[in-house]
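Here is a short briefing on a sheet, a pair of domains and a ligand site. Please keep the model open while reading.

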Amino acid sequence: MSTKAPANSQYLMNTYSRSNLVFDRGEGSWLIDSNGDRYLDFVAGIAVNCLGHSNPAIAETICNQSRQLMHISNLYFNTNQMALARKLAESAGLDQVFFCNSGTEANEAAIKLSRKYGGLSGNPSKNIILHMKDSFHGRTLGALSITGQEKYQECFRPLIGGTAQVDFNNIASLTAAMNDDICAVFIEPIQGESGVTPATVEFLSAARSLCEKYDALLIFDEVQCGMGRTGSLFAFEQFGVKPDAVTLAKGLGGGFPIGAVVANTKAGGAFVPSDHGSTFGGNPLACTVALTVLDQLENHSVISEVPVKNAYIIKRLNELKEKTPLISDIRGMGLILGIEFTSGAKEIIASCLDKKLLLISAGSNVIRLVPALTISLEELKLGLDILEEAISEPTT
Ligand SMILES: Cc1ncc(COP(=O)(O)O)c(C=O)c1O
């Protein structure tokens, strides 16, 4: 890999620590760099490319739909937007959808929905949103304000008010914070960015009961863990706890930008015209792509094969854990998995990059595995062989 920054990179704002790799082409679980070298991709655009790169069904949908209709604004109806809303609502066992373009926007919409819901209760103080320590909900100011990680917030204060933090998976902490002024509780069923930490069933069940008791909305952020990644379309199905609203993005468009809030009528019904909106949100192109993604996930054995792939990875990782004291924990579900190291995760990621395996970290010492859901067992074997080799290398 080149140590020289690529031409024109100085024109990009310095918001990411990027490697110097330049990718202009991808195929399935592989990215091909500007030298023609092939990299096995266990990152999938950070849990986005659920069907891999250059998926033929997505490509065909984009070609066909772009020739028919791309954008009309939300001043008019569109058949495929309504079809996608129906599909998401019915699959979630919820009722209504708001479309936007990203995860942070989905959470912004859910934040505003929560405030509106609180306001309609007649209690003028019902505007406090509870969020979890170590959560990640996005970079815009509202979503950042309910992100429980100081490192992302410190340069951007003042954040929005009316938020409070509780300890993730700590029922006592949540119970102590609940009262009639709480309008919503935001939870990632699996905290992705901070280290791939699943909620416990007990915690989510307690959150459900407490939200009923205090008439607050329970909102699950499934931007990262949703869309089949856990082995069911929605992660909450794995826990048996249904939220009032769930936020989605990433995998929903399989690489095409789209976000959504799927809500029950109790929550979604709070919005009336002009409360919220998005010029691009739910445009015919994005919605048609998402319909294709859902069809592929559900009708082409993509989600149903997640448990087999999970079982293979877990078996390999457990064997690896037996061999090395460096691995302290293996956690997650389906194809959103975290390997916690006692130290050296960054160095292992760098060594894997040299060996042409792309990996991403989560939190401080965790390697996050979020490959395309379409990755094959052979590709998983190859990637895990590389990871094993990198782990067994002596550190200097
Ligand atoms: C759980 C969760 N919520 C929200 C976001 C923000 O999504 P986006 O980057 O599309 O705005 C992310 C991004 O990583 C996420 O993991």
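## Briefing

In the sheet, L31 stands opposite Y39 in β3. The model is predicted: local features need pLDDT of at least 70 and side-chain atom pairs count only at pLDDT 80 or more, while totals for chains, interfaces and linings use all residues. Residue numbers start from 1 along each chain as its sequence is written.

**Sheet**
- Strand β2 (residues 30-33) pairs with strand β3 (residues 38-41) in the antiparallel sense, over three bridges.
- Strands are DSSP runs of E with at least two residues, helices are runs of H or I with at least four, and both are numbered from the N terminus.
- Two strands pair if DSSP finds at least two bridges between them.
- The open sheet has four strands in the order β1-β2-β3-β15, with mixed pairing.
- Its edge strands, β1 (23-27) and β15 (357-358), each pair on one side only.

**Domains**
- Domain 1 covers 9-55 + 302-392, and domain 2 covers 69-299; the bounds come from an automatic or database domain assignment.
- Their centres, taken over C-alpha atoms, are 26 Å apart.
- The contact takes 25 residues from domain 1 and 26 residues from domain 2 (contact: C-beta atoms, placed from the backbone, within 7 Å).
- Elements giving two or more residues to the domain 1 side include α12 (306-323) and β13 (327-333).

**Ligand site**
- Of the 15 residues around the ligand, G103, T104, G138, V223 and Q224 come nearest (near: C-beta atom, placed from the backbone, within 6 Å).
- Helix α4 (residues 103-120) gives the most to this shell, with three residues.

Definitions and conventions: Two residues are in contact if their C-beta atoms, placed from the backbone, lie within 7 Å.
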